[in-house]
Amino acid sequence: ERGAGFWVMAPLRTADGSLVWVNRGFVPSASRWQATREAARCTGPATVTGLLRRSEPGGGFLRRNDPAAGRWFSRDVSALAAAAGQPTATVAPYFVDAGADTPCATPDGPVGGLTVLRFSNNHLVYALTWFALAAMTVAATVFVLRDGARRRLPGQSGASS
């Protein structure tokens, strides 16, 4: 709904010296973002709240990351750190999707808090499916037992003596 754009991944140096990558949020196409980029740069201490996510190594489904061109299709924190010249030994194996209260955000972005978790509630469908399967199993068992009993009755086999 926000149109074409990019996710802004930024390194965050923690108090112990390790590095955590933060997905600060979505920005519109590069031409509009470049004009306001410096205004959204954080300097000094910052507190980030958001969702902790595992690194996504290997690139996207049909595309591979191209660090030389600055084109990233997955959020591979080790590759991001290597491309930024950071020692990968101190990089956390996860990144943080920043919440809506992203520090240093401007009206033009980055817009955080766009990662939405929705857990579908299909319990009724699952219950109905399993009860229907159970009912069909009972019906098939009754049919097989009645058919077997009918065939064992004298005179019901269709053969003459």
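Is Met136 buried or exposed? Met136 is exposed, with a relative accessible area of 53%. Here, exposed means over 50% relative accessible area, buried under 20%, and partly exposed in between, for a 1.4 Å probe and protein chains only. The structure is a predicted model, in which local features need pLDDT of at least 70, side-chain atom pairs count only at pLDDT 80 or more, and totals for chains, interfaces and linings use all residues. Residues are numbered from 1 along each chain as its sequence is written, and side-chain values use heavy atoms, with hydrogens and water left out.

The protein has three helices and four strands. Helices (H or I, at least four residues) and strands (E, at least two) are DSSP runs, numbered from the N terminus. Along the sequence the pattern reads β-β-α-β-α-β-α. Of the 161 residues in the protein, 23% are buried.

The four strands form an open sheet. Its order is E1-E2-E4-E3, and the pairing is mixed. Strands E1 and E3 stand at the edges with a single partner strand each, so one side of each has no neighbour in the sheet. On average, neighbouring strands of this sheet are turned by 30° against each other, direction ignored. The axes behind such angles are lines fitted to C-alpha atoms, for helices over the stretch in contact, and angles run from 0 to 180 degrees between N-to-C directions.

Two strands count as paired if DSSP finds at least two bridges between them. E1 and E2 are antiparallel and share nine bridges. Arg13 has Leu19 in E2 as its bridge partner. The hairpin of E1 and E2 has five residues between the strands. Within this hairpin, Gly17 takes a positive phi near 95°.

E2 and E4 run parallel and are joined by four bridges. Trp21 is bridged to Phe95 in E4. On E3, the pairing with E4 (residues 91–98) is antiparallel, over five bridges. Leu51 has Asp97 in E4 as its bridge partner, and Leu52 has Val96. E4 is mostly covered, with six of its eight residues buried.

A pair of aromatic rings is described by the distance of the centres and the angle of the planes. Rings of Phe, Tyr and Trp (its six-membered ring) pair if their centres lie within 6.5 Å; planes under 30 degrees apart are stacked, over 60 edge-to-face, and the rest tilted. The count comes to one aromatic pair. The rings of Trp7 and Phe26 have centres 5.9 Å apart and planes at 80°, so this pair is edge-to-face. Trp7 lies in strand E1 (residues 5–13) and Phe26 in strand E2 (residues 19–28), so the pair ties together parts 19 residues apart in sequence. Trp7 is partly exposed, at 43% relative accessibility. Phe26 is buried, at 13%.

Met136 sits in helix H3 (residues 123–152). Together with Val125, Tyr126, Trp130 and Leu133, Met136 makes a nonpolar surface patch of about 580 Å². Patch residues have over 30% relative accessible area and no salt bridge; like charges are joined within 9 Å, nonpolar side chains (Val, Leu, Ile, Met, Phe, Trp, Tyr) within 5 Å. A salt bridge is a side-chain nitrogen of Lys or Arg within 4 Å of a carboxyl oxygen of Asp or Glu. Accessible areas come from the Shrake-Rupley method with a 1.4 Å probe, and for residues only the protein chains shown count as cover.

Ala68 lies in the loop between strand E3 (50–54) and helix H2 (77–83). Ala68 is exposed, at 82% relative accessibility. Ala68 and Ala83 are 15 residues apart in sequence and 7.9 Å apart in space, C-alpha to C-alpha.
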